[in-house]
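Hi,

Here is the structure I promised to pass on to you. Please open it next to this email, and take your time with it.

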Amino acid sequence: MEDWIIDLIKVVFIWVWCLLIAVVMTWVERRASAMMQDRLGPNRAGPFGLLQPLADGIKLFTKEEIIPEKAKKILYILGPALFAIPAFSAYAVVPFGDKIVIGGKEIILQVSDVNIGFLYVLAVGSMGVYGMVVGGWASNNKYSILGGLRSTAQLISYEVPMGLALLAVVLLYGTFSMREMVLAQQGTFLGFLPNWGIFKQPLGFLMFIVAAYAEAARVPFDLPEAESELVNGYHTEYGSMRLGLYLFGEYVNLGTLSGIMVSIYFGGWQLPYIDMSAFLGPVSYGIASFLVFFLKQAFFLFLFVWVRWTVPRFRYDQLMGLGWKSLIPLCLVNFFITALLVQLTV
Amino acid sequence: MDLYFITFAVMAVGAGIFTISAREALASALGLLTVFVACAALYLHLHAPLIAIFQISIYAGAILVLVVFVIMLLMSPDDRLEVIQENMSYRIMGVFLVAAMIGLVVKALKDVKEHGAVSLPDGFGSPGQIGEFFFRDYLLHFEVASVLLLVALIAAIYLGKKKL
């Protein structure tokens, strides 16, 4: 097979996979929230209500597309696309498995193993804010503009601790390539722990996960949406599939962030203590590594839901205080400790 | 001339013109965003992926977000930019800026003509090499920039604290 066909298959596969995760996540979110609140949740469409997302999708697609009279038309249409495109493209450098051998050809299970993959994730992740801003601004509605305004300040504040937490990881592994980072987590650490990033960067992981929740604008940091004060903020005026793109984009973002956490802090596709490639064939190893990665990712996706229905929302000044006064100094401390340890051990 | 270069060069120039002529603040900012993205694409073409990523993450992801923040804080979607665009002093400043830019471009083109095409050294544009340049050849510049940032930081603390 030509290389470009393989690349195309990988891109299409990841695209469809992200969409599938987003679709299933809407169901998981509703069912899990119902479970936590002692309700039933959607359980009529299909077994366990699994076909509910399909019904929601049909509803969103067939609804009339309304553009508010006072809205800025072009920007209003552009908004959801600006939000969804970065969400879908960030996944390109996340390794979703080791490698698979088909027809004597070794295929790496990652869309693109660029040597600056890591910075790519940060760069593309920071572009998502424009979707919220444009949506809020174009709606020309006070609540929506407030939502957009909050999103700019929040995302720019939490990018700093996120970048600093990740920089410490770069120091540790000495590479920007996500695949090499996963490969560096083979074996054991201190003789009995799996050699995962979390055991070497516990503080860094804590900082990263808090910053990731803020970057994804999820509860407890969903200030741009804040349905009880801003009536859903930047997407108040949106309906039909445009609203659908915003909601989908959010879940795709969650998938990417979970993928990054798994790859950097939880050994990616590798099982602890067990080397799968030793007793599995080349094809089944590829599939197994993908499944292991997916299971870990699914845990973090569920954690997002779990936290959302457990913790109340922060106040805006608390959010800013946490970001600037706690996370950034702690990240700097973590960074210098890591630098010192790396210097002492090299 | 290759198609890739022409596509993104036209995109950058077109978006640049849109940036200064748009009547709405946020549309103008999005024009600037397009310029940054097009420039990043051109840097990729010049075998400098790290610079391209910095262009996106710093200019588009941080600086422009601050600009947008200010726009959203101070303007409403129905405000127009004509008043600012027709201000004569801005136009005169613009003329000087353009003249300086054209001078720079002409100088660069002359240098290219004198030296001709040069093949790239090994590892060109890799993060390691840029780091080496920073901390070996251009250490003084790097330190001066950091002192400048420190000054800005102290100023920000002074402004931020009500009582010192």
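Below is what I found in it, chain by chain.

A word on conventions to begin with: this is a predicted model, in which local features need pLDDT of at least 70 and side-chain atom pairs count only at pLDDT 80 or more, while totals for chains, interfaces and linings use all residues. Residues are numbered from 1 along each chain as its sequence is written, and chains are lettered from A and ligands numbered from 1 in the order in which they are written.

**Chain A as a whole**

Chain A holds 13 helices and four strands. Helices (H or I, at least four residues) and strands (E, at least two) are DSSP runs, numbered from the N terminus. The C-alpha trace of chain A spans about 60 × 50 × 45 Å along its principal axes. A compact globule of 346 residues would have a radius of gyration near 20 Å, and the 21 Å of chain A agrees with that. (That radius is taken over C-alpha atoms, and the globule rule is 2.2 Å times the number of residues to the power 0.38.)

Of the 346 residues of chain A, 46% count as buried. Buried means that 20 or more other C-beta atoms lie within 10 Å of the residue's own; exposed means 12 or fewer, partly exposed is in between, and the C-beta atoms are placed from the backbone. Two residues are in contact if their C-beta atoms, placed from the backbone, lie within 7 Å. Among the contacts in chain A with a separation of 6 or more, 78% join residues 24 or more positions apart.

**A helix to look at: α13 of chain A**

Helix α13(A) covers residues 316-345; its 30 residues should span 44 Å at 1.5 Å a residue, and its end C-alpha atoms are 42 Å apart, which agrees. The expected span is 1.5 Å times one less than the number of residues. Find L327(A), where α13(A) has a kink of about 30°, shortly before the proline P329(A). The bend is the angle between axes fitted to the seven residues ending at a residue and the seven starting there. L327(A) is also one of the buried residues of α13(A), along with others including L319(A), G323(A) and C331(A). The buried residues of this helix pack against α6 and α9 (202-215) of chain A.

**Where the chains meet**

In the interface, 24 residues of chain A are in contact with 20 residues of chain B. On the chain A side, α4 (117-125), α5 (129-139) and α6 (142-173) each give two or more residues, and α6(A) has the largest share with seven.

**Chain B**

Helix α5(B), residues 88-115, has 28 residues and reaches 41 Å from its first C-alpha to its last, close to the 40 Å expected. Is it buried or in the open? The number of buried residues in α5(B) is zero, so this helix lies largely in the open. Just after α5(B), G116(B) takes a positive phi of about 70°.

**Two residues with positive phi**

N140(A) has a phi near 55°, a positive value in a residue other than glycine. N140(A) sits in the loop between α5 and α6 of chain A and is partly exposed, with 19 other C-beta atoms within 10 Å. H47(B), also not a glycine, has a positive phi of about 60°. H47(B) lies in the loop between α2 (25-45) and α3 (49-74) of chain B and counts as exposed, with 12 C-beta neighbours inside 10 Å.

Enjoy exploring!
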